[in-house]
Amino acid sequence: MYMRRRNIPLTEEEDLELDKELQSLNKPPVKIIKQSFSGDLFDCIEKDKQPAFDHPALKNHKLQIRPSFQTKNNVTMDENFKSLLDPGFNDTCPPGTVLIRRTRKEDLIISKELTKYFRNYGSGYRVRDDSVGQNYYAIVRSKKSSFYGFRSKISTWALPNVGSDQVSASQVWIMGDIDGPDGSLNAIQSGWHVHPQIYNDTFTRFFIYWTTNGYRTGCMNLNCKGFVQVSANYAPGYAFPKVSLYRGKPEYLDLLIAKDPKSGNWWLTLPSGGLTGSVDIGYWPKELFPNLEISSYIDFGGQVYTPTNVASPPMGSGSFPEEGFGRASHFMQAQFIGTDHQAFTPSEGSVYTENDSLDNYYKVSGDPPETGDFNVYYGGPGGLVAATG
């Protein structure tokens, strides 16, 4: 047997192995619900039977229901929660379950190729094999320090001009010490992306990614075991029902990644996701990361991938930063979380911008203010052709 998914070869042995992996990941659901406008299936899985707990490192892990920095008084539980932005499901998950996007064989096939598209930090954001294609980025990068997280409101956009083998993402990277031995980098990523190769569509989607091996291995969304889902309303991989309109009302992904001061787990939260409180998506257990006790570097902004000899896709909204609010993509009220577990606005000189393309393709603009909010604008129309060498 010899299958292909977007020109990726698959032997009969590999196909059988993927079937076993799918059976392990897709636990028997209590209920199946559908995101009406995207057509994606999501399973309602009992909290303590989700695939995360099959990870060898989590054999003795105890499920954490909510981060310790929240209390019952300022958190609306999923069972009684009505979202501010309807995620577009045809039903709701019952109490005691969590929402997990159904993993397809295509997801696993493409996921095994993803490490080619992510960079080893020492070589910048370039792909590991430049005969495959190239990444370009426009970001804000922290100087080396000690961080326990990041928060910002990220404007979301529809990007219909992203090719079938391209990626356009707006995200944050939370990284361990990049100066350690080769292959020791641990990193957490989250944000929104348009990734037609995975989903076979151009919806704008919420995503997570994590690696413990210097980008030699990694996992997108819940296509592997490890991330613990706690929400019954939102899950990595869901498509946004609303996005920003050019010269119209901005729509935001309000994103918080923060290390829990008591458990040491890294929590992923949508702080303004609910009418009366925040929505905890889930967490990366501390057991997953041998080298992420503290984050030494944080990057945030835009990144795109394009195959060799194909013009690069738009980044952000597709507009340059100077077009401003309502037109250009931006991170609003960007803050870092310090080791005292308090959010703070970066000071002048503590961060800098980086852009690895000419300004007529992508740009990034944003300096920490003396007072007030730190807002970063970035993006561009693309059109840059990657070449080998």
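Asn309 is exposed, with a relative accessible area of 59%; exposed means over 50%, buried under 20%, and partly exposed in between, using a 1.4 Å probe and protein chains only. This is a predicted model, in which local features need pLDDT of at least 70 and side-chain atom pairs count only at pLDDT 80 or more, while totals for chains, interfaces and linings use all residues. Residues are numbered from 1 along each chain as its sequence is written, and side-chain values use heavy atoms, leaving out hydrogens and water.

| Residue | Phi | Relative accessible area |
|---|---|---|
| Asn309 | about 65 degrees | 59% |
| Arg247 | about 65 degrees | 62% |

Asn309 has this positive phi although it is not a glycine, and Arg247 is not a glycine either. Asn309 lies in the loop between β16 and β17 (329–337), and Arg247 in the loop between β12 (228–229) and β13 (252–259). Strands here are DSSP runs (E, at least two residues), numbered from the N terminus.

Now for strand β8 (residues 167–175): nine of its nine residues are buried, so the strand is largely enclosed by the rest of the structure. Val167, Ala169, Gln171, Trp173 and Met175 point one way, and Ser168, Ser170, Val172 and Ile174 the other. In a regular strand the side chains alternate between the two faces of the sheet.

Which strands pair with β8? Pairing requires at least two DSSP bridges between two strands. Nine bridges join β8 to antiparallel β16 (residues 297–307), where Tyr305 is the bridge partner of Val167. Eight bridges join β8 to β9 (residues 187–194), also running antiparallel, and there Ile174 stands opposite Ile188.

How values were computed:
Helices (H or I, at least four residues) and strands (E, at least two) are DSSP runs, numbered from the N terminus.
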